[in-house]
Amino acid sequence: MNPWSQFWQQGHPTTFGAYFKEGYEGPIKQWFEARLQLNNSPVSMLELACGNGALISMALDFGLKGQYLGIDLAEVSIPGGIETRLKNQSQLEAQIRGGVSIEAIPLESHHFDYVCSIFGIEYSNVAKTIPEIARVLKSKGHFLGVLHHCDSVVSTMSARALNEYNLKDVRDFIDQLEVIARQARGLSDLRALAQNPKAEKARKKINGYADQYLGNTDLETANASMFEFVTHGLQFFKALNHGPAVTQHFIKALYAETLGTRERHKQMCSVALTEQQMKQFCDLLIKAGFSDPDVTILSSDGVVIGWAICAQKLS
């Protein structure tokens, strides 16, 4: 499964999962509010690589009237909380479409007042995506984007997470769960596992990983990625009580999510833009018919969040 489909299907509204449960607040929201030229007239907005539609919450908070469409290559959907907000109002129509490439947008030309992206467009081939943005925008329409910055807190955290993953230990931990699961099959009383040499050996190895990775809780020195993996992995012993099918599903899901999380961190690091890369991004916008872009670095209390860029289509 696409690692981002895997992530969005868990219901997260933003790229950062539980860290932004209610959507992007603070500097990102303030930046969008300052640049969306809203009045009482309806507008049409397209969000690229929209995930589960975090921009919808902002649009509702801003009192946006009109239509919102989000597209993403991953399988995505509007979370229940945002869906409820939409049903309780009538001025904004919103929908999301998954499985759609932003490098070849299957929508009519000259249709949108705004094309937006929050930590999304940089995952695509921007040389293909930017001309598509120009095509679907109306004359004088705006592109508004927040992109990963190479020195942002997100890039720093992702790089740290990548270095923390010990795939050898992950695979061995999974192997030990498999051993216990096999020994548990056919047992009417799981307490009998304590007398099974293979199961006991595997359990002791798992306990060793718990001692190794859960003993240090210092935010600066702890291995947060392996801490999370082992903590989640220990839930296996609860799953074991629900039979072989549930147990096997748990093991497969644990491994898939761990690899998926690692891949998402890897991608976040790879797409984060340097100053030179942002200049190249701006050059592509100008070449596609946009005004000289307005570029700023969003930050909070001196901590870099990302690049913010605004450009208007000239004709």
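**Surface patch.** I began with the surface of this predicted model and found a nonpolar patch of about 230 Å², made by Val153, Met157 and Val303. I then looked up where valine 303 sits: it belongs to strand E7, residues 303-312. Its relative accessible area is 40%, so I put valine 303 down as partly exposed.

**Cysteines.** Next I asked how many disulfides there are. The count comes to 0. I checked two of the cysteines to see why. For cysteine 50, the closest cysteine sulfur is in cysteine 116, and the two sulfurs are 12 Å apart, too far for a bond. A disulfide needs the sulfur atoms within 2.5 Å. For cysteine 150, the closest cysteine sulfur is that of cysteine 269, at 11 Å, which is again too far for a bond. I also noted their cover: cysteine 50 is buried, with a relative accessible area of 4%, whereas cysteine 150 is partly exposed, at 30%.

**Helix H3.** I turned to helix H3, residues 54-62, and asked how many of its 9 residues are buried. I get 8, which leaves the helix mostly covered. I listed the buried residues as Ala54, Leu55, Ile56, Ser57, Met58, Ala59, Leu60 and Phe62. What do the buried residues of H3 pack against? On the helix side I found H2 (27-35) and H4 (80-87). The strands they pack against are E1 (43-48), E2 (66-72), E3 (92-98) and E4 (112-118).

Methods:
Residues numbered from 1 in each chain as written. Predicted model: local features only at pLDDT ≥ 70, side-chain atom pairs only at ≥ 80, totals over all residues. Heavy atoms only, no water. Patch = residues over 30% accessible without salt bridge, like charges linked within 9 Å, V, L, I, M, F, W, Y side chains within 5 Å. Areas by Shrake-Rupley, 256 points an atom, 1.4 Å probe, with all protein chains shown as cover. Salt bridge = Lys/Arg side-chain N within 4 Å of Asp/Glu carboxyl O. Helix = DSSP H or I, 4+ residues; strand = E, 2+ residues; numbered from the N terminus. Buried < 20%, exposed > 50% of the residue type's maximum accessible area, 1.4 Å probe, protein only. Contact = heavy atoms within 4.5 Å.
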